[in-house]
Amino acid sequence: MNFRQKIVPFAQIDAWRQAQRQRGRLVVTNGCFDILHVGHVTYLEAARNQGDLLLVGLTSDRWVRDIKGPGRPVTEENDRATMLAALESVNGVCIFPDKTALNFLATVKPDVYVKGGDYTLDTLVQEERQMLEDVGVKIVLLPHVPGKSTTALLEKISRL
């Protein structure tokens with residue numbers, strides 16, 4: 001398979017989900033994934049191991065700027081999606097149009113939702129958490145990979 005075929009337009013995500021149902025338990029995560037690094041790939045592999053398929057919801061450029069601040073994202077959304085799609089552990093990538101993943105998650109209806117160890121149940125977007133808990137989605141918080149973050153990487157680059 002051409003890894004670019006793993007990038008699913010938001011308008012087609014419901015059909016993609018229906019086509020994947022027979023393949024097993026769908027794990028979903030989401031985030032910015034601005035500069036792909038070892039922390040990301042470690043996290044994504046661990047997320048994938050929570051089920052049979054991994055779908056990554058990718059925050060669009062507009063909302064990365066709003067969430068992370070000026071100068072971000074460093075890598076534009078189509079490039080970020082392509083890098084993620086090239087990973088063996090990732091079965092699909094979808095750039096979602098909203099600031100939060102609420103509509104994306106409601107459409108996809110994952111079996112398992114995964115976030116990294118920099119989150120707690122209390123720091124998740126509470127609307128997302130409530131919706132997922134209401135429909136019985138298992139929420140998994142994976143450990144953080146120490147010293148590996150986009151922010152730390154950008155700080156290191158700025159000192160060069």
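**Exercise 1.** Which residue is the bridge partner of Asn30 in β2?

*Solution.* The model is predicted: local features need pLDDT of at least 70, side-chain atom pairs count only at pLDDT 80 or more, and totals for chains, interfaces and linings use all residues. Residues are numbered from 1 along each chain as its sequence is written, and side-chain values use heavy atoms, without hydrogens and water.

Step 1. The bridge partner of Asn30 in β2 is Gly57. Strands (E, at least two residues) and helices (H or I, at least four) are DSSP runs, numbered from the N terminus.

Step 2. β1 and β2 run parallel and are joined by six bridges; two strands pair if DSSP finds at least two bridges between them.

Step 3. From β1 the chain passes through α2 to β2 in a right-handed β-α-β crossover, meaning that, with the strands pointing away from the viewer, the path from the first strand over the helix to the second runs clockwise.

Step 4. β2 also pairs with strand β3 (residues 92-96), in the parallel sense and over five bridges. Here Gly57 stands opposite Cys94.

**Exercise 2.** Why is strand β2 largely enclosed by the rest of the structure?

*Solution.* Step 1. In a regular strand the side chains alternate between the two faces of the sheet.

Step 1. Leu53, Leu55, Gly57 and Thr59 point one way from β2, and Leu54, Val56 and Leu58 the other way.

Step 2. Seven of the seven residues of β2 (residues 53-59) are buried, so the strand is largely enclosed. Buried means under 20% relative accessible area (1.4 Å probe, protein chains only).

**Exercise 3.** Which strands pair with β4?

*Solution.* Step 1. β1 is joined to β4 by two bridges, and the two run parallel; Val27 stands opposite Val112.

Step 1. Strand β5 (residues 138-141) pairs with β4 in the parallel sense over four bridges, and Tyr113 has Ile139 as its bridge partner in β5.

Step 2. The chain crosses from β4 to β5 through helix α6 (residues 126-134), and this β-α-β crossover is right-handed.

Step 3. Val112 and Val114 on one side of β4, and Tyr113 and Lys115 on the other, are all buried.

Technical notes: Buried means under 20% relative accessible area, exposed over 50%, partly exposed in between (1.4 Å probe, protein chains only).
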